[in-house]
Amino acid sequence: MRSLNRIKEKDLKNQLRQLSTLYRITHELNSSLDLNRCLQKIIKEVAKLLNVTRISLMLLDEQSKELTIKCAVGIDKEVVKNTRIKLKDSSNISSWVAQSGKPLLVSDIQRLKGFTKWNSGAYLDNSLLSVPLKRRKRILGVLNVNNKKDGSSFNRDDLEFLSMLTGEFSLAIDNAQLYQKLIQTNKNLKELHQMRTNFMDDISHNLRSPLSAVQYAVDIVKSERAGKINVQQRHLLSMVDSNLNYINRLINRILELSRLQSGRVELKKENIYIAKLIKEVVDSFKPLIKDKGIILRRKIRNRNAQIFVDPDRIRDLLINLIDNAIRFTPTGGRITIEMAKLVDFIKISVIDTGIGISKQEIKRLFTRFYLGKSGDSTKGTFGLGLAISKSIVEMHGGNIYVESKKGKGAKFTFTLPC
């Protein structure tokens, strides 16, 4: 009876030790940023706890469909480095476990049939336990333990413990792999963004030289230094001159947007009275709205409100939004500029009674070169104005959005933190 009690007490202590190790391993995996180092440390603890001579954690390469040893204890470094097991090799224990998704407990390796060692040699183990690493029905790899040092065989308790352990391993490995994919994706996006920025800069700069030459030639002809020109020729030259000016403005806008989105613009911030800046911008549009027959008014609350911004950039922002409203508001329409100071930010809206914007267009409105169905390529800068506006607002830590319905006008609102 005493002997039986001692066995039960020994089993209980062993289970408590396993649970304590499992808790410590879980904590290590959840708190470590260096997964490789963490896994190496943990399998050493597992090898010690299970009293085994060898342990290996193998991961599946999804592209090559091969199992490779990620970390190991008791295995020669050259073996770890060179081991490559094809997933389709069903004669290998690790590949069979990975394919089937089932654990394999072998009490006597000598009686095992149908499997060969990875290098076609003989197994030197007396017993082994191989458990798949799975996450969301996806096989990540295999955890193998071999040979108890006391010569005993693995049992169901060992299998249960190792299965719980692989659950924690699988979660940590899956998260690490997703994190690495995210890092690589971000790196690729940054490289793509840089390529796009360089491309836009190169195109813009390369266009300037021939355009300058054309502009110079047009100026010479217009000044009649190259000979007399008639009225029709002067009219045609004016059209060419107008389009050259437009293309130059477009190039400048492309370069400006490229600099804003790549973070190459340094804001020159100062405290300003935002109501005063709004008035200056509105006054600059008076001749245009008078010609078009549009009413432009301001509704300003907190006229003495100050804000720390780059005044030139905010002026550009307001000009973009008001110009946009004028272009899409018919004669007799109204445009209202509203400004209010809330608790932590200034809120400014540009509201028009124009043609409005559909839901489909709103989704793409702030992307570069998007004109929408109601866009007019003879005005503006090919949909760059709103993209520039968005970049300016976001550089100041604010937000910009639009509310509109087709045929019901539009309300562009942006916020800037105080």
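A salt bridge is defined here as a side-chain nitrogen of Lys or Arg within 4 Å of a carboxyl oxygen of Asp or Glu. The structure is a predicted model, in which local features need pLDDT of at least 70 and side-chain atom pairs count only at pLDDT 80 or more, while totals for chains, interfaces and linings use all residues. Residues are numbered from 1 along each chain as its sequence is written, and side-chain values use heavy atoms, with hydrogens and water left out.

By the salt-bridge criterion, the count comes to 14. One of these joins the side chains of Asp283 and Lys279, with an N to O distance of 2.9 Å. Both residues belong to helix α7 (residues 274–284) and lie four residues apart, about one turn of the helix; helices (H or I, at least four residues) and strands (E, at least two) are DSSP runs numbered from the N terminus. Asp283 is partly exposed at 26% relative accessibility, as is Lys279 at 38%; buried means under 20% relative accessible area, exposed over 50%, and partly exposed in between (1.4 Å probe, protein chains only). In helix α9, Asp312 and Arg315 are three residues apart, about one helical turn, and their side chains form a salt bridge of 3.2 Å, N to O. Helix α11 contains Lys390 and Glu394, which are four residues apart and meet in a salt bridge of 2.6 Å, N to O. Antiparallel pairing joins β13 to strand β11 (residues 345–352) over eight bridges and to strand β12 (residues 399–404) over six bridges, where two strands pair if DSSP finds at least two bridges between them. Val350 has Phe412 as its bridge partner in β13, and Ser404 has Ala410. Five residues separate the strands in the hairpin of β12 and β13, where Gly407 takes a positive phi near 80 degrees.

Phe412 also takes part in the one aromatic pair found in a search of the whole structure. Rings of Phe, Tyr and Trp (its six-membered ring) pair if their centres lie within 6.5 Å; planes under 30 degrees apart count as stacked, over 60 as edge-to-face and the rest as tilted. The rings of Phe366 and Phe412 are edge-to-face, because their centres are 6.3 Å apart and their planes stand at 80 degrees. Phe366 is buried at 15% relative accessible area, and Phe412 is buried at 4%.

A nonpolar core is a set of buried Ala, Val, Leu, Ile, Met, Phe, Trp, Tyr and Cys residues joined through side-chain atoms within 4.5 Å. The largest such core has 48 residues, of which Ile274, Ile278, Ile314, Ile337, Ile348, Phe412 and Phe414 touch the most other members. Helix α9 (residues 311–327) supplies the largest share of this core, seven residues. A second, separate core of 25 residues includes Leu39, Leu49, Leu50 and Ile173.

In helix α4 (residues 93–100), the buried residues are Ile93, Ser94, Ser95, Val97 and Ala98. Among the elements that cover them, through contacts (heavy atoms within 4.5 Å), are β1 (52–61), β2 (66–73) and β5 (128–135). Just after α4, Gly101 takes a positive phi of about 70 degrees.
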